[in-house]
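Hello,

I am passing on the structure below for your files. My notes come after it.

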Amino acid sequence: MTTNSDILVIGAGPAGLSFAAALADSSLNITLIEKSSLETLQNPPYDGREIALTHVSKNIMQRLGIWQRISESEIYPLRDAKVLNGNSSYQLHFPPPDQTLNISADCLGYLISNHNIRQAAYESIRDKKNITLLCNSTVIHTQTDTQGVSAILDNGKTLTARLLIAADSRFSQTRRQFGISCDMHDYSRTMFVCRMKHTISNQHTAYECFHYGRTIALLPLEEHLTNTVITVDSDKAAEIESMTPEALAASIQKQLNHRLGDMELASTIHSYPLVGMIAQRFYGTRSAIIGDAAVGMHPVTAHGFNLGLSSAEILATLILNAHKHHLDIGSEHILSQYNAKHMRQAKPLYHGTNMLLKLFTDETPPAKLLRNAVLRIGNNFPPIKKLITKQLTG
């Protein structure tokens, strides 16, 4: 088959762009297909989401030339984290890793706004000669066989390549066309995200407050600015939506027992239905899936983009190595290696997160007692705390 490109990538979100960045300056020709406009990629709008990044993710982003393109003033260190259950004041505390793991890192990780990551990822591939970006384009059909792949766009044009990558979303239509099923879990909950100013310092400490009826996560940005994540059962979402900014701030302030002092809304409010999924496998004939198309995580463990970034790097590394040795980059041998490596890290995190959520959103009396016990065991059994800290830092 005569091909237009070596690799077609459907979706120019952070995962798709990171994958392309990993292949930049190679002799492979990459075509990115994105339904959004070029203007949106150049200046992504604020969407309320702050992405928690591990030290491993920071290193990957530095190698890809993404990290350096984000202003230092927009990178917020996450010093430590605390977990609370119900109305109890008892806290499961994860201190900085230099105190727990004896490594030279004074924070658990970093927080960066999603729109800043997207912009930096775009800028990292913008001028690369081997990368072509097609915006305002939607793929309506894909076909793969042992000889090559093709994608038909909404404008009628057909693109061909040796390998097709889906990086479109956790609801990926491309994944469905590959014939790859997934385990999808609708949590029947809605997440509201916004920034709040407050009068008491957040000490760069994150909080996960599993209060009964409504969960609040606090992600520290500036000392007096915190990304606030409110999660409620979806049938209660209308109550949040109907609140004035003043009423919402007052309700959060009250729920937190004035932990951050007086609070006021400092951004627009954005809401997202919570749905998690993991694909049955991460590859097909001359095709693979990365990012949210492979694993869509619940945000409670803050590993969604970290997993997506890792998937992009694993696959790109295998492809570059195969290309270096003049091997077929779309062979089952290469793609099955990617599947095995990514599945080893993704599957335990996905199912472990769901087990954690099941426990900490169950409000029956036995579950409440078990939740308290889990926090105390985690605090007082160093091997467990060390293991969790390693997961948080990557």
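This is a predicted model: local features need pLDDT of at least 70, side-chain atom pairs count only at pLDDT 80 or more; totals for chains, interfaces and linings use all residues.

Residues are numbered from 1 along each chain as its sequence is written, and side-chain values use heavy atoms, with hydrogens and water left out.

Some terms for the strands and helices. Helices (H or I, at least four residues) and strands (E, at least two) are DSSP runs, numbered from the N terminus. Two strands pair if DSSP finds at least two bridges between them. Buried means under 20% relative accessible area and exposed over 50%, with partly exposed in between (1.4 Å probe, protein chains only).

The open sheet

Six strands form an open sheet with mixed pairing, in the order S8-S2-S1-S12-S20-S19. Its edge strands are S8 and S19 (283-284), each of which pairs on one side only. S2 and S8 run parallel and are joined by four bridges; Leu 32 has Leu 133 in S8 as its bridge partner.

All six residues of S14 (residues 205-210) are buried. In a regular strand the side chains alternate between the two faces of the sheet. Here both faces are covered, with Thr 205, Tyr 207 and Cys 209 on one side and Ala 206, Glu 208 and Phe 210 on the other. S14 pairs with S5 (residues 80-85) in the parallel sense over six bridges, and Asp 80 has Thr 205 as its bridge partner. S14 also runs antiparallel to S15 (residues 215-220), with four bridges between them; there Cys 209 stands opposite Ile 216. S14 and S15 make a hairpin with four residues between the strands, where Gly 213 takes a positive phi near 95 degrees.

A second hairpin

S9 (residues 139-144) and S10 (residues 149-153) run antiparallel and are joined by five bridges. This hairpin has four residues between its strands, and Thr 142 stands opposite Ala 151 in S10. Further on, Gly 156 lies in the loop between S10 and S11 (158-161). Why does Gly 156 count as exposed? Because its relative accessibility is 55%.

Helices

Nine of the ten residues of H1 (residues 14-23) are buried, among them Leu 17, Phe 19 and Leu 23. The buried residues of H1 pack (contact means heavy atoms within 4.5 Å) against several elements, including S1 (7-10), H5 (114-125) and H9 (304-324). After H1 comes Asp 25, whose phi is positive, near 70 degrees.

H10 (residues 332-360) has 29 residues and reaches 40 Å from its first C-alpha to its last, close to the 42 Å expected (1.5 Å times one less than its number of residues). H10 has a kink of about 35 degrees centred on Met 343, the bend being the angle between axes fitted to the seven residues ending at a residue and the seven starting there.

Regards
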